Amino acid sequence: MSETIEQKCLAKGVKLTDQRKIIAQVMSESTDHPDVDELYNRVSKIDNKISIATVYRTVKLFEESGILTKHEFKGGKARYEELNEGHHDHLIDVKSGEIIEFVDEEIEILQKKVADKYGYKLVDHKLELYGIKIKNNNE
């Protein structure tokens, strides 16, 4: 079983106030990589005293501590997800915002080949594909 964000905070010495604990819990339970506005909507249902500024500061702290990772999206919105040791890429539905995480060995090999071709050793990568869900084969 993987560690929760709260457990990662404790392991890294990040002080958890009651409000940060709620934010960590909501992030741990999220599967859709919420942006700060969506995260604020969720945590404020649990504790309406949590301000959006607190949510911003908390995700920034978690990001700087290596607990969350930030994904920049169009329109200046950024989504956050738990930083995991394992690697995965994203397929993002531009209409619904649904995010599918995937690992594809062929893509991994191709990215390494591209780095090699240009004289680089690949140490990390991030791949985000944007698409629209196909309802049937006629679209």
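**A helix crossing and its surroundings**

A: Let's start where α2 passes α3 in a right-handed crossing. A crossing is right-handed if the near helix is turned clockwise from the far one by less than a right angle, and left-handed if anticlockwise. Bear in mind that this is a predicted model: local features need pLDDT of at least 70, side-chain atom pairs count only at pLDDT 80 or more, and totals for chains, interfaces and linings use all residues. Residues are numbered from 1 along each chain as its sequence is written, and side-chain values use heavy atoms, with hydrogens and water left out.

The axes of α2 and α3 (residues 36-46) come within 10 Å and cross at roughly 120°. Axes here are lines fitted to C-alpha atoms, for helices over the stretch in contact, with angles running from 0 to 180 degrees between N-to-C directions. That makes α2 oblique to α3; under 35 degrees would count as roughly parallel, over 145 as roughly antiparallel, 65 to 115 as roughly perpendicular, and the rest is oblique. On the α2 side, the contact (heavy atoms within 4.5 Å) is made by Ile22, Ile23, Val26 and Met27, and on the α3 side by Leu39, Arg42, Val43 and Ile46.

α2 (18-29) also meets α1: the buried residues of α1 pack against α2, α4 (52-64), β1 (68-72) and β2 (78-82). Those buried residues of α1 (5-12) are Ile5, Lys8 and Cys9. Seen down the axis of α1, they fall within an arc of 105°, so they line one face of the helix; the arc is that of the directions from the helix axis to the C-beta atoms. The face turned away from the buried side carries the exposed Leu10 and Ala11. Buried means under 20% relative accessible area, exposed over 50%, and partly exposed in between (1.4 Å probe, protein chains only). Just after α1, Gly13 takes a positive phi of about 80°.

Now step back to the whole chain. Along the sequence, the pattern reads α-α-α-α-β-β-β-β-α-β, which comes to 5 helices and 5 strands. Helices (H or I, at least four residues) and strands (E, at least two) are DSSP runs, numbered from the N terminus. Of the 139 residues, 32% count as buried.
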